[in-house]
Amino acid sequence: MPSICAIFTHYGSRQRSLTCLRRLAQQTRRPDAIVIINNSTADDPITAEAPALAAEILPANTLHILQMPANLGNAGGCAHGMNYAFGRLHADYVWVLDDDSWPRPHSLENLLAVQVPPRTVRMSLVIDPAKDDELSWPLTMCTGHERTPWKNAICTQDLPPDNEIASRGGWLGALYPREAWLCAGVPTPELFIRGEDEEYPWKVRHAGFSFVTIRHSELEHPSAAIPLVHFTFGGHSFFYEPGLPVSRSYYKVRNWAWLQRLKRPTSYLHRLAACIFYIILSIVAMLQTNELTFNSLYTLFRAMHNGFYGKLRPFSKST
């Protein structure tokens, strides 16, 4: 039986993290290990409350808490968590969660029940129970067509009836095998947040892996508070997330532009055109949502500039 390690980062919300721990304990097929990466301070209540809860509801030595030297964000924290799970605990698989992503009781069992070809990453279906189990965010599916190989499912009605859905990739809810870690390493820690969800799946795909979403493995996660703005053009999609704090908008744009460097390292003009198009669509979306301000424009251009030139600078008001 393969060894499964579930990992998630903690920062600030003890209630969310403890709920996630309880949900993992309720799995019909429990993880063999659970790693909480503490991005908060060493005296955060979670460092005492999580072990106390684990002693009541989990077998001994299941829970591990990794203390980070500072807030490394989700990307940095999970990079440490994956290295610990695969390197120190010798796990066969790492199941990537977040403190506010809570698996339903049969999630892991249903994920493992599906037999997949070698070099395939299984993923849970991420849904929002507050919105009648609709998708928390769009799922990019494989169409099998050469001209338009990918299609976005915006809601569950867009999904095929199959339990196994060939997908482009994902981070939250993904069950990464040891081989993927050996081939692709870990997420780039400097991405901090809003980047590992695209960068790491791309690295894993680039290493020759495929992804499949298992519909019967459900992971509860809140969707965006305000509906996404969605533009389509030539078979491509652009999503704008209204209501994001400036810092999160910065990381989202910076990391996207930085990832284009990985995808097209020698195609300068192609990347430049893509970034210009991204800026134009962002401005249009800001106008539609009444979010066009000097601060939002400045953040957009600075984030795009830094990512385009490969500068993973952290957010600051003078970034």
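Figure 1. Phe308 is buried, with a relative accessible area of 6%, in a model that is predicted rather than determined by experiment. The charged end of Arg271 sits over the ring of Phe308, at 4.8 Å from its centre, and Arg271 is itself among the buried residues of helix α8.

**Figure 2. Aromatic pairs that involve helix α8.** A search of the whole structure finds 15 aromatic pairs, and two of them are described here. Phe238 and Tyr278 form an edge-to-face pair, with 5.1 Å centre to centre and 85 degrees between the planes. Because Phe238 lies in strand β14 (residues 236-240) and Tyr278 in helix α8 (residues 268-288), this pair ties together parts that are 40 residues apart in sequence. Both Phe238 and Tyr278 are buried. Tyr268 and Phe308 also form an edge-to-face pair, with 5.4 Å centre to centre and 75 degrees between the planes. This second pair links distant parts of the chain, since Tyr268 belongs to helix α8 and Phe308 to helix α9 (residues 294-308), 40 residues apart. Whereas Phe308 is buried, Tyr268 has a relative accessibility of 40% and therefore counts as partly exposed.

**Figure 3. Helix α8 and the elements that its buried residues meet.** Helix α8 has 21 residues and reaches 30 Å from its first C-alpha to its last, close to the 30 Å expected at 1.5 Å a residue. Its buried residues are Arg271, Cys275, Tyr278, Ile279, Leu281, Ser282, Ala285 and Met286, and the buried residues of α8 pack against β13, β14, α7 (246-263) and α9. After the helix comes Asn290, whose phi is positive, near 55 degrees.

**Figure 4. The hairpin of strands β13 and β14.** Strand β13 (residues 229-233) pairs with β14 in the antiparallel sense over 5 bridges, and the two strands form a hairpin with 2 residues between them. In the turn, Gly234 has a positive phi of about 55 degrees. Phe231 has Phe238 of β14 as its bridge partner, and Phe238 is also the residue whose ring forms an edge-to-face pair with Tyr278.

**Figure 5. Ser296 in helix α9.** Ser296 lies in helix α9 and, at 15% relative accessibility, counts as buried. The side chain of Ser296 reaches the backbone oxygen of Glu291 at 2.9 Å. When residues up to four places away in sequence are not counted, Ser296 touches Met286 and Glu291, and Met286 is one of the buried residues of helix α8.

**Figure 6. The surroundings of Asp99.** Asp99 lies in the loop between β4 (93-96) and β5 (102-103), where, at 4% relative accessibility, Asp99 counts as buried. A polar contact of 3.2 Å joins its side chain to that of Arg16.

**Figure 7. An aromatic cluster and an arginine over a ring.** Trp171, Tyr176, Tyr200 and Phe211 form one aromatic cluster. In a further view, Arg119 lies over the face of Phe209, at 4.3 Å from the ring centre.

Technical notes:
Residues are numbered from 1 along each chain as its sequence is written. This is a predicted model: local features need pLDDT of at least 70, side-chain atom pairs count only at pLDDT 80 or more; totals for chains, interfaces and linings use all residues. Side-chain values use heavy atoms; hydrogens and water are left out. Rings of Phe, Tyr and Trp (its six-membered ring) pair if their centres lie within 6.5 Å; planes under 30 degrees apart count as stacked, over 60 as edge-to-face and the rest as tilted. Helices (H or I, at least four residues) and strands (E, at least two) are DSSP runs, numbered from the N terminus. Buried means under 20% relative accessible area, exposed over 50%, partly exposed in between (1.4 Å probe, protein chains only). A charge sits over a ring if NZ of Lys or CZ of Arg is within 6 Å of the ring centre and within 35 degrees of the ring normal. A polar contact is a pair of N or O atoms within 3.5 Å; within protein, one must be able to donate a hydrogen and the other to accept it, and residues adjacent in sequence count only if both atoms are side-chain atoms. Two strands pair if DSSP finds at least two bridges between them. The expected span of a helix is 1.5 Å times one less than its number of residues. Contact means heavy atoms within 4.5 Å.
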